[in-house]
Amino acid sequence: MSVHDDRFAGKKVVVTGSAQGIGLAVARRLTAESAELTLVDRSELVHEAAAELGAHSVTADLESYEGAETAVASALERHGRIDVLVNNVGGAINFKPFTEFAAEEIQAEITRSLLTTLFSCRAALPAMTGQGRGVIVNVSSCATRGIHRIPYSAAKGGINALTASLAFEYADAGIRVVATAPGGTEAPPRRISRGTPPPRSAREEEWFQAHIDQTLASSLLKRYGTLDEQAAAICFLASDEASYITGTVLPVAGGDLG
């Protein structure tokens with residue numbers, strides 16, 4: 001990982017979904033670049049990450065607006081302001097043809113991968129508008145064009161629309177809103193399950209494998225990305241180096257435009 005020393009010196013940054021995966025990789029890079037962090041996750045593992053990085057941490061379930069309010073209030077109490085919000089909570093739960101999804105499974109995907117970001121933006125924006133500046137980086141997905149995860153794809157399409165509309169509405173308030181759209185990304189085994197049920201049949205195994213095959217086929221580089229590659233893009237967009245970029249969704253997917 002190549003870092004930019006002191007790029008975030010003095011910046012107060014909130015990273016959600018930061019107990020593992022892309023969120024933790026972002027938190028590590030931000031720490032190396034001198035940010036002052038609040039790490040948010042619904043898992044108690046977030047406190048381990050915070051201890052490693054010397055960061056503030058808060059457990060909150062961002063699938064409710066009350067959870068988002070709790071996280072933002074804790075960050076403001078600790079640091080006084082929020083310069084950057086990285087919305088990383090999300091992730092597909094089920095992998096199967098759309099007609100196999102039950103209504104409650106569709107709702108769970110939308111709640112996990114859209115409402116968490118929507119709620120967090122709503123909770124953080126009053127503080128950002130009050131201070132006259134801020135950056136929101138949303139984590140979308142190139143799976144907006146993908147198979148066997150249609151409700152997740154719809155949720156991430158909502159993230160893209162949210163990013164564009166918030167950038168339009170809050171530009172005059174000094175707030176930039178941007179997003180990355182990760183493709184398939186290699187990561188260590190998850191310490192916290194997304195809740196994906198194990199395959200119960202050869203057919204379900206085929207459904208799961210099909211989405212992996214499609215992800216690789218859609219990438220011009222024909223490989224998965226790394227956590228560092230995802231974190232680098234997120235931190236660039238969050239930094240002052242990207243000061244003339246807003247309303248943009250940046251694919252980080254080896255050429256897959258999603």
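**Single residues, then the inside**

Q: Is Asn94 buried or exposed?
A: Asn94 counts as buried because its relative accessibility is 7%. The cut-offs are under 20% relative accessible area for buried, over 50% for exposed and partly exposed in between, using a 1.4 Å probe and protein chains only.

Q: What am I looking at, an experiment or a prediction?
A: This is a predicted model, where local features need pLDDT of at least 70, side-chain atom pairs count only at pLDDT 80 or more, and totals for chains, interfaces and linings use all residues. Residues are numbered from 1 along each chain as its sequence is written, and side-chain values use heavy atoms, with hydrogens and water left out.

Q: OK, back to Asn94. Where is Asn94 found?
A: Asn94 sits in the loop between E4 and helix H4 (103-131). Helices (H or I, at least four residues) and strands (E, at least two) are DSSP runs, numbered from the N terminus.

Q: And what does Asn94 touch?
A: Not counting residues up to four places away in sequence, Asn94 touches Phe101, Glu105, Glu109, His148, Arg149 and Pro197. Contact here means heavy atoms within 4.5 Å.

Q: New topic: Asn94 is part of a pocket lining. What's the volume of the second largest pocket?
A: The second largest pocket has about 210 Å³. On a 1 Å grid over the protein atoms alone, a pocket is an open set of points with protein on both sides within 12 Å along at least five of seven lines, while a cavity is a set where a 1.4 Å probe fits but cannot get out; lining residues have an atom within 4 Å of a point. Points are joined across faces, edges and corners, and a volume is the space filled by probe spheres set on them.

Q: What lines the second largest pocket?
A: Among others, Asn94, Glu105, Pro197, Arg200 and Trp207. Helix H6 (residues 202-218) gives the largest share of the lining, 3 residues. By class, the lining has 6 nonpolar, 2 polar and 4 charged residues. (Ala, Val, Leu, Ile, Met, Phe, Trp, Tyr, Cys and Pro count as nonpolar, Asp, Glu, Lys and Arg as charged, and the others, Gly among them, as polar.)

Q: How many cavities of 30 Å³ or more are there?
A: The count is 1. About 60 Å³ of space lies in the largest cavity, and its lining has 8 nonpolar, 2 polar and no charged residues. H3 gives the most to that lining, with 3 residues.

Q: Now helix H1. How many residues does H1 have?
A: Helix H1 (residues 21-32) has 12, and spans 17 Å from its first C-alpha to its last, close to the 16 Å expected at 1.5 Å a residue. The expected span is 1.5 Å times one less than the number of residues.

Q: What do the buried residues of H1 pack against?
A: Strand E1 (12-16), strand E2 (36-41), helix H2 (45-53), strand E6 (175-182) and helix H7 (227-238). Val26 is one of those buried residues. Leaving aside neighbours within four places in sequence, Val26 is in contact with Val15, Ala231, Ile234 and Cys235.

Q: How many residues are in the largest nonpolar core?
A: There are 32, and Val13, Val15, Val26, Leu30, Leu37 and Leu39 touch the most other members. A nonpolar core is a set of buried Ala, Val, Leu, Ile, Met, Phe, Trp, Tyr and Cys residues joined through side-chain atoms within 4.5 Å. A second, separate core of 23 residues includes Ala68, Ala71, Cys121 and Ala124.

Q: Last one: is Glu186 buried or exposed?
A: Glu186 is exposed, because its relative accessible area is 52%. Glu186 lies in the loop between E6 and H6 and touches Tyr224, Gly225, Thr226 and Leu227, leaving out residues up to four places away in sequence.
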